[in-house]
Amino acid sequence: MFGVLKRSQTISTKFAVPRLATALVHTQPENTTITALGARLGLSALNTQTLKQALTHKSVEEEENNASLEFIGKRVVGLFATEYIHCKYPILHQGALNTTLRSYIGNKSLSKIATEVGLQHSISWKTPEGDEKLGHATVMADCMNALIGAIYKEQGEAAAKKFIHEFILARDFDVRPSIKVQEPKRHVSILLKNLNREPATSRLLSETGRHSSSPVFIVGVFSGKDKIGEGFGSSIKMAEFRACQDALTQYYGQEQKNFVLPSDAHKVDQYDASPLAQIEVMI
C-alpha cells in the first residue's frame, strides 16, 4: 500500500524558520487571564480594555500601549510615596529621602512587587534585538506604574492612593541604612552648630583587650551632658565613627507615629502640617 522511498526521495525534516528581524515578542494572554489578575488585585471595576493597555508595554509600538499610563502612574506613585515618607520621617536629610524613595518605588522594588502579584503572566512586551537595557525587570516596573496610572485615570485619586498604600507603602522598611553619610563626624559638628547646640565631644566609655589581637572600644558622642550617639569598634577611631553615625541615625530617623497626610487634610476638622526639617547640612 505504501511505497518505500529511496534515499534520493526521502522527505527532509529541515525547513527554513523565519527569523524575527527586529525583536522577540512576548504576547499577552487571553482576556480571561487579565480579568483574573484584575480580580486578584481588587480591580474588577477597572475597564478590561484599559487594564489590557496598562499591561501592554510601550516597546510594543504597533498596539495601543501603556506609555501614557506609565507616565501618569510614575508621577502619582511619586507624589503619594513622597508625602508618606516625609510625614513618617520629617527630618530625613535629602540623600536619605531619595534613597528611601528608591527603595519603595524604584524599578527593583516595583518589579519585585509586580512579580509577587503575578503581573508577569499578563504582560505583553517586545525585546528589541541587541538591546540589553530593556530587561524583564524594567518592563515589570513600567507596567506596575502604568497599572497605577490606569487606576488614577479611570477611578480617581482615592483609588490610586489606596492601591499604592496597600501594595507598595505597606511594606516594612528599615530607614537607618539610608541615613549613613561618608563623613559622619564632620556632619555631626555642622548639624549641632546649625541647631545652636554645644559642640560634639567624644568620650571613651569602656574598652577591653587593648593590648590583645581583638580589642573592643566603646565611644560615646556628647553634646554638653547629653549623649547623642554610641559606637564600638576594634579601634577608638572606628568606634567614634560609628558613634557619630549613630547620632545622625537617631536624629534623622525620628519617626512620627500619628500623622495626617496632606492628601487627607480635607478629612479632618483641623489639619496640622508635618514639620519640615529646618536644617539642611551642606558639606
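Guide: Asn 196 counts as exposed, because its relative accessibility is 73%. This is a predicted model, so every value here is computed from it. Asn 196 is found in the loop between α8 (184-194) and β3. Its backbone deserves a look too. The phi of Asn 196 is positive, about 60°, although the residue is not a glycine.

Follow the chain from that loop into the sheet. The sheet is open and has 3 strands, in the order β3-β4-β5, with antiparallel pairing. The edges are taken by β3 (200-208) and β5 (226-233). Each of these has a single partner strand, so one side of each is left without a neighbour in the sheet. Direction ignored, neighbouring strands here are turned by 20° against each other on average.

Now take the pair β4 and β5. Strand β4 covers residues 216-223 and pairs with β5 in the antiparallel sense over 7 bridges. Ser 223 stands opposite Asp 226 in β5. Ile 218 stands opposite Phe 232 in β5. The two strands, β4 and β5, form a hairpin with 2 residues between them. Gly 224 sits in the turn, with a positive phi of about 70°.

A helix covers this part of the fold. Helix α9 (residues 236-252) lies across β3, β4 and β5. Its direction is at about 135° to β5.

Step back to see where this part belongs. The protein chain has 9 helices and 5 strands. From the N terminus on, its elements run β-α-α-α-α-α-β-α-α-α-β-β-β-α. Of its 283 residues, 40% count as buried. Take the contacts in the chain with a separation of 6 or more: residues 24 or more positions apart account for 62% of them.

For a contrast with the exposed Asn 196, turn to Ala 150, which is found in helix α6. Ala 150 counts as buried, because its relative accessibility is 0%. Leaving out residues up to four places away in sequence, Ala 150 touches Leu 46, Thr 50, Ala 54, Leu 69 and Gln 155. Glu 70 is 80 residues from Ala 150 along the chain, yet their C-alpha atoms are separated by 8.3 Å.

Helix α6 (residues 136-155) has 20 residues. From its first C-alpha to its last it reaches 28 Å, close to the 28 Å expected at 1.5 Å a residue. Gly 156 follows α6, and its phi is positive, near 100°.

Helix α4 (residues 94-105) and helix α5 (residues 107-116) pack at an angle of about 25°, with their axes 5 Å apart. That angle makes α4 roughly parallel to α5. From α4, the contact is made by Arg 102, Ser 103, Tyr 104 and Ile 105. From α5, it is made by Asn 107, Ser 109 and Leu 110. These contact residues divide into 3 nonpolar, 3 polar and 1 charged.

Methods:
Residues numbered from 1 in each chain as written. Predicted model: local features only at pLDDT ≥ 70, side-chain atom pairs only at ≥ 80, totals over all residues. Heavy atoms only, no water. Helix = DSSP H or I, 4+ residues; strand = E, 2+ residues; numbered from the N terminus. Expected span 1.5 Å × (residues − 1). Axes fitted to C-alpha atoms, helices over the stretch in contact; angles between N-to-C directions. Parallel < 35°, antiparallel > 145°, perpendicular 65-115°, else oblique. Contact = heavy atoms within 4.5 Å. Nonpolar A, V, L, I, M, F, W, Y, C, P; charged D, E, K, R; others polar. Pairing = 2+ DSSP bridges. Buried < 20%, exposed > 50% of the residue type's maximum accessible area, 1.4 Å probe, protein only.
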